[in-house]
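Here's a quick briefing to read alongside the viewer. Have the model open and follow the topics one by one.

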Amino acid sequence: MLSTRLSFALDKGILSVPEDGRTCVFGACGSDDLSGLGAVQVVQGMRPEVDALLARDVDVVTAPTGDFSAALVVLPRSKVQARDLIAQAAALVGAGQVWIDGQKTDGADSIIRDLRKRTVVDPVIAKAHGKLFGIQGADLSDWRAAPIRLDNGMVTVPGVFSADEVDRGSALLAAHLGAIKGVVVDLGAGWGYLAAELSRNPEITALHLVEADHDALNCARQNVTDPRAQFHWADATTFALQGGVDHVVMNPPFHTGRAADPALGRAFIVAAARLLKPAGQMWMVANRHLPYEAALAERFVKTTDLSADAAFKVIHAERPRRKSL
Ligand SMILES: C[S@@+](CC[C@H](N)C(=O)[O-])C[C@H]1O[C@@H](n2cnc3c(N)ncnc32)[C@H](O)[C@@H]1O
């Protein structure tokens with residue numbers, strides 16, 4: 001959708017590429033066509049998107065480097081994070097143009113309303129269930145977001161999973177992890193809640209936190225200071241580790257962007273089975289309605305639902321199968 005609005009704006013000459021200088025693009029995905037923008041640097045923290053952009057030889061970083069003439073912000077799901085990125089972009093380009101793109105479902109209209117209280121928003125291109133709009137020379141420094149300090153003392157930032165509180169499913173899973181020992185992998189570790197709980201267990205010899213979201217992993221580094229913890233900015237579905245793993249714990253993601261995507265959770269189940277030793281075990285929480293049973297049966301000989309909770313299932317899976325049936 002970004003590509004549709006962007007190519008329309010470029011074709012019609014509504015958006016022009018700076019003659020010299022680069023455009024900083026916050027949040028573009030691996031599949032976005034940025035070819036009409038000239039020299040770009042993409043700021044992206046989700047590892048699978050970073051890998052896809054790198055595969056296309058795009059300059060991609062987790063924080064912008066150098067000078068820019070213009071910026072483009074692709075709206076994320078969190079409004080606080082969206083405002084933070086727009087403020088960053090505005091500060092980065094000074095008097096240059098900042099373009100903002102998002103679907104209606106990403107809150108594009110609400111951001112336009114907020115911006116109009118502060119500055120001129122012009123032009124506004126409405127197309128393909130979203131909007132691409134421009135601002136210039138606005139001081140939005142008060143939109144920069146601060147880290148969030150939770151009641152349990154842990155730190156998160158806007159935009160990461162369950163930024164404002166411990167996820168109820170994760171808390172339920174944590175209550176079932178008392179007996180695990182040895183080498184443990186936390187797949188999709190987020191800001192480190194499960195790993196922090198596990199680090200109280202002296203029987204654990206190594207604790208690997210695998211997380212795709214760079215911001216979340218940075219929070220986890222602050223929240224889990226145990227020397228047994230190792231941090232991996234990686235795509236869990238392709239993550240590999242030397243030597244076998246005794247336990248995998250996970251609360252797998254079930255969205256890609258805004259769309260529900262149980263295929264991602266199923267790919268986590270496949271990855272867990274691949275990482276485990278033959279006697280290894282997987283512990284997973286998921287919303288009860290998510291269809292993981294076939295993937296579990298294909299990858300594990302035995303699975304047990306440990307929870308009587310109406311909203312969540314806590315799955316204990318044993319005897320991973322090396323290959324599908
Ligand atoms: C449901 S959240 C659970 C987070 C954390 N374990 C907790 O309990 O609070 C799933 C996590 O998986 C991460 N994630 C999504 N896709 C991923 C991928 N391909 N590889 C690794 N992590 C991923 C998300 O960023 C998110 O932090």
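Into which domains is the chain divided? There's domain 1 (2-143) and domain 2 (148-320), with the bounds coming from an automatic or database domain assignment. Keep in mind that this is a predicted model, where local features need pLDDT of at least 70, side-chain atom pairs count only at pLDDT 80 or more, and totals for chains, interfaces and linings use all residues. Numbering starts from 1 along each chain as its sequence is written.

**Where the domains meet**
- The C-alpha centres of domain 1 and domain 2 sit 32 Å apart.
- Domain 1 puts 13 residues into the contact and domain 2 puts in ten residues (contact: C-beta atoms, placed from the backbone, within 7 Å).
- On the domain 1 side, helix H2 (47-55) and helix H3 (79-93) are the elements giving two or more residues; helices are DSSP runs of H or I with at least four residues, strands are E runs of at least two, and both are numbered from the N terminus.

**Around the ligand**
- The ligand has 20 residues around it, and the closest are Ser170, Gly188, Gly190, Ala212 and Ala236 (a residue counts if its C-beta atom, placed from the backbone, lies within 6 Å).
- Helix H6 (193-198) and strand E11 (204-211) are the elements that supply two or more residues to this shell.

**A hairpin to look at**
- Strands E6 (residues 124-127) and E7 (residues 130-136) run antiparallel, joined by four bridges (pairing takes at least two DSSP bridges).
- Ala126 has Lys131 of E7 as its bridge partner.
- Two residues lie between the strands, and Ala128 takes a positive phi near 50° in this hairpin.

Technical notes:
Contact = placed C-beta atoms within 7 Å.
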